[in-house]
Amino acid sequence: MSETDESAANESAPVEEAETIDEEPSPAADDASTDESTEADLTELVKDDPEAHTGDETDRYAPLEVEGLRKEFGGITAVDDVSFDVEEGTLTGLIGPNGAGKSTTFNLITGMLDPTAGTVRFNGEDVTGLQPHEIANRGLARTFQIARELEEMTVLENMMLAPKGQVGESLWRSVMPVTRGAVRDQETEQLERVWEVLDFFEIDHLADEYAGNLSGGQRKLLEMARALLTDPDVLLLDEPFAGVNPSLEKRLLEHIHELRERGYTFLIVEHDMDLIMNNCERVIVMHQGRILKDGTPAEIKESEEVIEAYLGGEV
Ligand code: ADP
Ligand code: MG
């Protein structure tokens, strides 16, 4: 729970500067693991029903629906009547100047904060006010910054600590080779999943490294790997590129695109407008707690209100 608390506190801090992190490879960076399970095929991360994502692009199913969301902190209305959908299999960007209400919206969706008004629906069910773990269990995952106490544990230990109840059984069970026997101790099974996800993010060679020794970008990969262990349908990422150098940023983006192609849905909160414009097919712009514009990158770029909000305010 302390991880959750710390993360919540982090998200809602008025000033949230990215830690300046050097991208020096950590000491263990070259220790390529020889474990055979690290050679997992990427296709093992394919979502259950890829057909569901190839339909008519103009009428996609929206697993996440936010309606009339509002959050007041004392006299401040941080989120003011916010409504939007996130359609299945998309990379949707939520952008806006500092203080626009992005992180608060994110925290309202994931159950970290209770809204003053409004509803959050996930896969057709009202999840407003549910506990964060209940929402995560339903397949709406978010990344968590690596809490301080977890820095003293290895990457592998961090992965093994991902809540067992949240691990998506069906997906992983379906990829287990039958020849290895139907009866398998749950921890062994979880270890297999852990290696497959670590391998996917190309951080399997860092398994024995202390999380505290990871570079900023490697941490982001670990954070996403932990979120993926829960086998979510939708992943919410709050500033996943903060403190990440350009080459790791590129890799992180490739992983996100690859997962999207495999059927995962992403809502990415970012203040870097160009990055979102170049990678998302749908962009929601927030300003002063409200939705300023919701559309394709081309529509956003043409919007005078958006240009004004970015040029007029502190970006
Ligand atoms: P963003 O993530 O877009 O930068 P936030 O959602 O963090 O914006 O903040 C939106 C507004 O709400 C800001 O004015 C911020 O100071 C305020 N705020 C956020 N969290 C809290 C809180 N826990 N208590 C009081 N005010 C808050
Ligand atoms: Mg924020």
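This is a predicted model: local features need pLDDT of at least 70, side-chain atom pairs count only at pLDDT 80 or more; totals for chains, interfaces and linings use all residues.

**Positive phi, a helix and a sheet**

Me: Where is Glu202 found?
Reply: Glu202 is in the loop between α6 (186-200) and α7 (216-228). Helices here are DSSP runs of H or I of at least four residues, strands are E runs of at least two, and both are numbered from the N terminus.

Me: OK. What is phi of Glu202 near?
Reply: Near 60 degrees, a positive value in a residue other than glycine. Glu202 counts as partly exposed, because it has 14 C-beta neighbours inside 10 Å. The cut-offs: 20 or more other C-beta atoms within 10 Å is buried, 12 or fewer is exposed, in between is partly exposed, with C-beta atoms placed from the backbone.

Me: And Asp231, buried or exposed?
Reply: Buried, with 21 other C-beta atoms within 10 Å. Asp231 also has a positive phi, about 50 degrees, and is not a glycine. Its loop runs between α7 and β7 (234-238).

Me: Switching to α8. Which residues are buried there?
Reply: His255, Ile256 and Leu259. Down the axis of α8, the buried residues fall within an arc of 100 degrees, so they line one face. That arc is taken from the directions from the helix axis to the C-beta atoms. On the other side, Pro246, Ser247 and Glu254 are exposed.

Me: What covers the buried residues of α8?
Reply: The cover includes β3 (91-95) and β8 (265-270). Contact means C-beta atoms, placed from the backbone, within 7 Å.

Me: What follows α8?
Reply: Gly263, with a positive phi near 110 degrees.

Me: Now the sheet. What is the strand order?
Reply: β6-β7-β8-β3-β9-β10, an open sheet of six strands with mixed pairing. Two strands pair if DSSP finds at least two bridges between them. β6 (140-142) and β10 (290-295) stand at the edges with a single partner strand each, so one side of each has no neighbour in the sheet.

Me: How many bridges join β9 to β10?
Reply: Five, and the two strands run antiparallel. Val283 has Gly295 in β10 as its bridge partner.

Methods:
Residues are numbered from 1 along each chain as its sequence is written. Chains are lettered from A and ligands numbered from 1 in the order in which they are written. Two residues are in contact if their C-beta atoms, placed from the backbone, lie within 7 Å.
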